[in-house]
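Look at the model first, then read on.

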Amino acid sequence: MAPVVTSVSPTQGTPAGGTPVTITGSGFTGAVAVRFGSNLATNVVVVSDTQITAKTPSGSGTVKVTVTGPSGTSTDNVFFTYTTVTAPTITSLVPAGGPTSGGNSVIINGTNLTGATQVLFGCNPATIISNTGTQITVTAPAGPPSAVNVTVTTPGGISNPLPYVYVTAPTVSGVSPQFGPSSGGNTVTITGSNLSLASAVHFGPNLATALTVVSDSQLTVTAPPGTGTVVVTVTTPGGTSTVGLGNPYYTYLGAPVITTLVPNHGLASGGDSITIDGSNLTYTDSVTFGGVAASFTVVSDTVVVATTPAHAAGTVNVQLHTPAGNSNTLLFTYDPS
């Protein structure tokens, strides 16, 4: 049975020939010739029994596309039109960079983009998702970390190039401080690699604010509100960081509260052991008696034992501090020694 041609794509090209086309149909195995009118196509490749790729010969007007195989020549009315087609022009890429793994969508804006047959990122072809006269959406191929030229091929020729930058994914190796109040609002320094193009930092699902790029290995942000222990991630055109080496965790702490001092008085000479009961005390980093720092031991999240510093006789405020802030105050009385 002779081959059957059902379609050709694109359906038009330049009179000079050389337009890449895909011919679809059946019975193509063993095909020996493809003609556009009476002229033989070049670079003919039988991809499968249902598909052939080729480049058009020179020609004019509208001509029938035929495939000749061992059993004859197709007779279907599938046509290709030779016409003067303006070469494509591309004006922008959105985004203009992406991850080395590829797979992200890129919108190519320009003119005369209809019938695009190929989009190249450097030497690598992208997958065309949609195509109009002024816009093409593609899925970017993978590529090494570098800048490459993006070009579009249509029946009118090859476009001007525009640069696209492949960016290595960011990493987060450390967060300082690693604790903060559930209300957020404190400044946090993030260290890692490939951070210079950071566009967003998240603490768990919550977006940090006041993002400042210090260097390719350091950022500062203002922590958003949150609860519990969360992973801090950085997003760049190279993607979003994932948990790997290092410690990208941040813990939200409830504000410390103290409820009792036992005992609530001691000698002015200091040296008394005072049990402080309360809540959210695990990360206590200072205890003061009347503004004077005391030595202390954290027993649990609800108990801290402090040793009173010397102080003049009288009543003073006792306060405890954690990365979540200052606690309330309780009164302690210094008795004359």
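## Reading the terms

Q: What share of the contacts in the protein chain with a separation of 6 or more comes from residues 24 or more positions apart?
A: In this predicted model, such residues account for 55% of those contacts. A contact here means heavy atoms within 4.5 Å.

Q: How many helices and strands does the protein chain have?
A: There are zero helices and 38 strands.

Q: What makes a residue count as buried?
A: Its relative accessible area must be under 20%. Buried residues make up 39% of the 337 in the protein chain.

Q: Why is a set of residues called a nonpolar core?
A: Because its members are buried residues of listed types, such as Val, Ile, Phe and Tyr, joined through side-chain atoms within 4.5 Å. The largest such core has 18 residues, and Ile108, Val119, Phe121 and Tyr164 touch the most other members. Strand E13 (105–111) and strand E14 (118–121) are among the elements that give two or more residues to this core. Apart from it lies another core, of 17 residues, including Val201 and Phe203.

Q: What makes the lining of the largest pocket mostly polar or nonpolar?
A: Count by class: seven polar, four nonpolar and no charged residues. Gly counts as polar and Pro as nonpolar. Gly115, Pro10 and Pro155 are among the lining residues.

Technical notes
Residues are numbered from 1 along each chain as its sequence is written. This is a predicted model: local features need pLDDT of at least 70, side-chain atom pairs count only at pLDDT 80 or more; totals for chains, interfaces and linings use all residues. Side-chain values use heavy atoms; hydrogens and water are left out. Buried means under 20% relative accessible area, exposed over 50%, partly exposed in between (1.4 Å probe, protein chains only). Helices (H or I, at least four residues) and strands (E, at least two) are DSSP runs, numbered from the N terminus. On a 1 Å grid over the protein atoms alone, a cavity is a set of points where a 1.4 Å probe fits but cannot get out, and a pocket is an open set with protein on both sides within 12 Å along at least five of seven lines; lining residues have an atom within 4 Å of a point.
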